[in-house]
Amino acid sequence: MASDAPSPSPRFFVVEKLRGGHHDTEFGTDDLNTGPAPRCPRCGDLVGLLTWLPPYRGELELYGKDYGDLMHAPGGGLLISERFAEAFKAEGLTGLSGFHPVDITRVRRKGRGPKPGPPPRYLFVMPAYGNPALDMERSRILSKKPVKCSWCRYAGPDAIDGLVLEEGTWKGEDVFRPRGMWGVVLVSERFRRFAERQAMSHLTLVPMEKYVWDPLGLCYPRPMQLDPPAKG
C-alpha cells in the first residue's frame, strides 16, 4: 500500500569557504579585464558583478598546507580544481558553466609552512542564475528597501537570519544563485553528498534556513562593551 506521507522538501545549502583549514587558499588578480554586469531582464537593475573576461589568470595565496578545491573568483564566479570539475561532470551534476582554464602565475606562501609545490590546474565557472527564487515572505531578510521587482526580487539586505526558496522555482540545478539574493551560492542535497563523498576541500555547507549574515548585529545584538573602571 502506498504511503500517504508527503515527500520531504528538497534541502539546500549556502556555500561558504572554510577559513583557517588545511586547504585555506585565496585567489586574486591585478590583471582584471571586465565587461558589463548582468541586469534583470524585467526592471534593468543589476543582478551580479562586473563580468570577468579573458585572459583568466591570477595568483594564489596559500594559508594552509595544501591547495583548496573551491574558491571565489571575480565576477561572481568560482574557481574549482580540475579534480572537482572532472568529478562534477562524471556524476552528472548541473548548474555550472564555462569551465575556462585559469593561468596561475604565482603562488604566495602566507604564514608558516613548507614551500608550496606546483598548484593543480584550476578552472573558472559560473553558477546558474534565473530559475530558483527566494520566498521573500518566508525568508528572514532585514532591509531598508522594499522589493520592487517580482522577478529579480532584490532589496539590498542589511542582515539575513535564514533563507527559504519559493516552491516550484527550483528546476533541479545543483549549484545556483537565487533570484532575490544573487550574492550567495546555493547547492542541492545531491551536491552535498557529492562534496562529502569526494572529500572536496575549502568549503563548508550551511543549511539555507540556518544561514546568518549579520555584520552589524541587527539580528543578534552584541553585548555592550563597558569601559574598565578608572584606576585611582
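Hi everyone, let's start with helix 1: its buried residues pack against strand 6 (70-72), strand 7, strand 8, strand 9, strand 12 (175-179) and helix 2. Here, buried means under 20% relative accessible area, with a 1.4 Å probe and protein chains only, and contact means heavy atoms within 4.5 Å. Helices (H or I, at least four residues) and strands (E, at least two) are DSSP runs, numbered from the N terminus.

A quick word on the model: it is predicted, so local features need pLDDT of at least 70 and side-chain atom pairs count only at pLDDT 80 or more, while totals for chains, interfaces and linings use all residues. Residues are numbered from 1 along each chain as its sequence is written, and side-chain values use heavy atoms, leaving out hydrogens and water.

Which residues of helix 1 are buried? They are F84, A85, A87 and F88. Please find F88 on the screen: leaving aside neighbours within four places in sequence, F88 is in contact with L93, T94, G95, L96, F99, V175, F191 and F194. Just after the helix, G92 takes a positive phi of about 75°.

Now the wider picture. A nonpolar core is a set of buried Ala, Val, Leu, Ile, Met, Phe, Trp, Tyr and Cys residues joined through side-chain atoms within 4.5 Å. The largest one here has 22 residues, and those with the most contacts inside it include I80, F84, F88 and F194. Helix 1 (82-90) and helix 2 (189-197) are among the elements giving two or more residues to this core, and helix 1 provides the largest share, 4 residues.

Key: Buried < 20%, exposed > 50% of the residue type's maximum accessible area, 1.4 Å probe, protein only.
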